[in-house]
Structures are given as C-alpha cells and as structure tokens.
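Please follow this explanation with the sequence and the model side by side, going from aromatic rings to charged side chains and then to a helix.

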Amino acid sequence: MKIYKYRILFLLTAIFAISFTEAKIKLPALVSDGMVLQRNQKLKIWGYADPGEKVSVAFLNKSYTAVADKNGNWDIMLPELKAGGPFVMTVNEITLKNILIGDVWVASGQSNMELPMRRLKPLYANEIKNAGNQNIRFFTVPQKYNFKAPQTELDGGKWEATDPQTILNFSGVAYFFAKELNEKNKIPVGIIHTSLGGSPVQAWMDGNSLKKYPEYLEEAQKWQDDELIKSTESDEQALSKAWYTELDRTDSGLNQHWENFDLDDSGWKTITVPGSWEDREGSFDGSVWLRKEITLPKGSAGRPAFLNLGRIKDADVTYINGIKVGNVTYEYPPRWYDIPAGVLKEGKNVIAVRITNGSGKGQFIADKPYYLETGGQKIDLKGEWKYKIGNKMGKAAPGQTFIRWKPTGLYNAMISPLVNYKVKGFLWYQGESNTSKPQEYGDLLTTMITDWRSKWNEKEAPFLIVQLANFMEPKSQPAESKWAELRNQQRTVSLTIPNTGLAVSIDAGEWNDIHPLNKETIGKRLALQAFKIAGKKNIIADGPVYQSMKKEGNTIILSFKSGTDHLAPVSELKGFAVKSRDGIYEWAKAKIEGNTVMVWNDRISNPVAVRYDWADNPDGNLTNKSGIPASPFTTE
C-alpha cells in the first residue's frame, strides 16, 4: 500500500514539475511556428522566463544561451542567415517548426491596406482558388488600441502560409506585393500585416513623435481614462440602440412584412436603380423598402445562385421570395449574397430590400453591378424597382466617437510590440483619413518614417508609400482639391526621404468607391519600388517624375527626372492646367517634345505655374513607355 502511495506521489510530483517547466518559457506571438525570419541581418529571439532561468536556443546546428534577468526578460542574438527553409528551432523545451528565412515586410495603414482578398473576388477568383504558395506567409496583428503606454507584446496572432482559405483574410495589396517579390527573388516572403480601416497617420505615431502637435497629444492623454472610454462607448451605444429600436418599432414594412413574396405592391412608387429615392422624396433619414419581380425559366428551382447588389448607402437586409439571403450593416462593403438552392422558383420571384440610412443621401451607388446569376446566366437588375418608405425619423442617427482612431493608440498596441522582430522594410497605404488637413501630412509622415526606422534600428530600411487613388466625381473645371494636396505631400516625402518609394495609383481607383478592387497593380508597383531601392538593374519603378520648369513666351516647358523621362506618345495629352498671374488655373493644352512636355493656354500670355492631375479624380494620361503613370504634381 505504501509503495502504491509513493508511486502516486511520484507521478503527481512529476506532472507538477513538467507543468512548472512548461510554464517557465514564454515566447512572443511573432516567434512561433511557421515564422519567416529576416535574411542577412542579426536576429533577436526573445521571450520571458523565471528570473535567473537559463535559456538555450538551438537553430541550424548551433546553440545559443542566455539567462533571464530579474524581470524575467531574455533575448538571444542569432547571426546573419541566408534565405532558406523550412527549419526547426528549439527554445528549451519548446519546438518551433516550419521556419523560413527570407524577407519580412511590415504592411500598415488604413482600409485600403486592410482590404482582404475575399473582398476582391470579382477580379481575383482564380488567384484565390489556386493559392498554395508555402513561401508567402502572413502574420495578422490583432486590432487593438492602447493610449497608456507602448505594449511589448501582442495579444495573439499566428503565421499562416498561403492556401485558398488563408488567403481570403490576407491584405490584397500586401499579398500581390509578396507574390511579386517571391517570384522575382525566389526567396520566402513574410508579411506582418498591421492596419485598421479609417485610421489617421497620428494613430500610428508615438507620443514623442507628436510633440509638435499638442492638440494630438492632448487627445491621446484624454483617452488614457478608462472610465471615459467606457462611459463614451456606453452612452453612444445606448443612443444608437434607442434610435434604431424606434426606427424598427415604427417601420411599417417590418410590421406588415413587406418582404413577403405575395405582398400586394401595386400601389408602390417606382425609382430607377441605381439611384436614390431621395431624389423624389426629398432628404430624410430612416428606412425604405424596395421590391423587384423577376421571372426565371424552367430548371431554376433548386439551383444555387448569386446576387450582386453593388453598393448601397447605408445598411440593407435583402430577401428573395420572403427568405432572408444576406445583410450588410454599413455602406462600404459590396452586397454579394450567395443564394442557397431551393430559394429561387420557376416563374415569378421577388427580391425585396430593406434599407436603413442614418445620415447623408441613401442610394444604390451608380456604376456598380446589379444582377442575379443562376445557371451561368446573369439577369440584369438595373432599371425600374418599386419602393415605399418604411419610416422617416425626425433626426439623423447619433454619431460615434471612433476612439480606436485617436492619436498614439494604434502605435502602442499594433506597432510597438513588433519592433524586436527584424524586417526588411515597410509598406504604407494610408492618407484618406487625413485629407481634411493635408498641409500637415508630409511632416507627420516624415516624422513617423524616421521614428519607425529608429525603433527598428534600421535607419535605411525601405519605406514604400501608396499614393492615394483617384476617387469621387470628376470636375469639369480646375479646382482646389485636398486629395490632390495630400498626394503632393506623399510625392514630396518620397522625393526627399532616402530609401522611400512611391507607388502611384492615380489610374487604379474607382470614382464611386473609396476601396477600389485593383490591388494587383498597386502590389506590383510597390514591388518595383522595392527592387529599385535594392539596386536591381534595368528596373523602371516610376512614371515621369517632375523635376523642373522653364518659360518660353506663353509656354511652360516641363522636364522630368532622368530615367523616368522616356515619355509614351499619346494622341491628346490631358490633365494639365496653367496658372495666370491673377492666381486662377485654367485647362491647358500640352504636347510631348522629346523628353519634355510643353504646356500652354492661348488665353494666358504669361503663365506662372503648372498643375498636373490636380483633382480628386483626374483624367491625366502622362506615362512613360513602361506604362507607369506620372504622379500628380504642381510646379509651385
């Protein structure tokens, strides 16, 4: 009996000892299975242990040791390593598998960097279907904010290799950039993706970087108060809930089930889709219901289908034959709804959409696709729909304080924990949220670039910027544009800060969508910038880069940076405006003469400056023979 007790005691002690041992070493989320380590740089492997604990790292047939300090922190430096893998690393009792060595890039910014491949399916369905490159890996940083202090660790995240499932959540821009690098360099590429839609640049900067901007520092300090955050969110949620509860309670369509297949809608008014009911009803916030009857041939019943309702402002709930098939809660995502088999019928079918709009003009966005696809056939849904107002609210929906976008919060939670992890460089697609104050953007971005490079201790690390794409309705006459001003700030930063590159996207946007789908072009142009900075031969990464101007009579002659000035001929050069002495810009004629562009307006005898593509959504066509567009610029 005593022997049995001793055995039980021994086993319990052993189990406790094993558990205790396993608890001693803790690695950061970035140092984990499947990670990509930066080639050709000394690498830090770090973590946490009991104070005084000896830590041993074994990698590529070599061992390295360290001792945890009194706070339990330890780190080990690995020598420069060549690209390759997969490899295995052990850290005491922890085994890390499937490690690659290659190039690692941090991809950051707002929604156009965040935009995942699943949102790009219409353009890249085959890319997604055939994805399977184990040498392209992503680590997606959890989206959090912290205003109190820079964090040293992430709350989660994991390395993922590319396959048809994982790619759906990968940043489209960063994926196509990584794909291009992997194909050309033949080495693994790791992307640490850390972005958040709607975020301004100051959210990605630390407190020291914002010393010149006391209003941003005051804002950051204000939100260090947890109670303020809690009460603000609670109060705003209560107000929003009350508004939408009242809307739902008084919406005749909900009460009378206007989604039903057999509803008599003969007395409803009509509108043309795409379009807005407010053009007929006047501005209001509330809800509206729309219905459209379509007829399907024999064989349609039992088939799955796909419904594309383009984009709608704001939220929708969509039904077919009384059955809910999907909903989106805000204006930007496309309305792509998979229709299960059995929903559609032979003959008459009814699509019903309830739209709620809390502010601004409710509408079906123009120049978007609207169709039902079944059996390989697309049924066009543009044209006449019936509509009826569900309810008009007396006031707009309550606004929201986007606390997550406040200064320093994203830097502290989503950048600071990354700085120990060695990287090749940075990708940056951001700026839309700073267009209200474009004049300060160049200084903020320059300061951020300098600070990030300092934090990573890589003062020459490439920093690649995506210039804002063309967006919004074109204007018939030259006009001031805050979007153009911010693009010019981005251009100036790229020309003045060493080892920065600019991916011009002025030809890759969509007038009616702040989230254009063409992310492959952007990713490839970023890759060209990376190749250029790396010194690869025969790389043309830029379109024509404006360098200088001179006047001859009523003509301004523009010269461009050598190597970018192989201008592509066009029948009519567009996008130029000249400024007269009274300060007014007017459209100009322009033509290519060798490596220069001649710009003039017959009515302006003494022009003083030129602008090119200076608009929210310009239509200029100045490119080089590689097809890369010139950045919008001003000679002032």
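A residue is called buried when its relative accessible area is under 20%, exposed when that area is over 50%, and partly exposed in between, with a 1.4 Å probe and protein chains only. The model is a predicted one, in which local features need pLDDT of at least 70 and side-chain atom pairs count only at pLDDT 80 or more, while totals for chains, interfaces and linings use all residues. Residues are numbered from 1 along each chain as its sequence is written, and side-chain values use heavy atoms, with hydrogens and water left out.

By the buried cut-off, both Phe 364 and Tyr 370 are buried. Rings of Phe, Tyr and Trp (for Trp, its six-membered ring) pair if their centres lie within 6.5 Å, and the planes count as stacked when under 30 degrees apart, edge-to-face when over 60 and tilted for the rest. Searching the whole structure gives 32 aromatic pairs. One of them joins Phe 364 and Tyr 370, and because their planes stand at 65°, with the centres 5.9 Å apart, the pair is edge-to-face. The rings of Phe 576 and Tyr 612, by contrast, have centres 4.7 Å apart and planes at 40°, so this pair is tilted. That pair links distant parts of the chain, 36 residues apart, with Phe 576 in strand S28 (residues 576-579) and Tyr 612 in strand S32 (residues 609-612); strands here are DSSP runs of E, at least two residues, and helices are runs of H or I, at least four residues, numbered from the N terminus. Phe 576 has a relative accessible area of 1% and is therefore buried, and Tyr 612, at 1% relative accessibility, also counts as buried. Elsewhere, ring pairs link Trp 204, Phe 426, Trp 428, Trp 452, Trp 456 and Phe 463 into a cluster.

Rings also meet charged side chains. A charge sits over a ring if NZ of Lys or CZ of Arg is within 6 Å of the ring centre and within 35 degrees of the ring normal. Lys 348 lies over the face of Phe 261, 5.0 Å from the ring centre, and the charged end of Lys 392 sits over the ring of Phe 284, at 5.2 Å from its centre.

We end with helix H12. The expected span of a helix is 1.5 Å times one less than its number of residues. For the 15 residues of H12 (residues 519-533) this should give 21 Å, and because the end C-alpha atoms are 21 Å apart, the two values agree. Among the buried residues of H12 are Ile 522, Leu 526, Ala 530 and Phe 531. Just after H12, Gly 535 takes a positive phi of about 85°.
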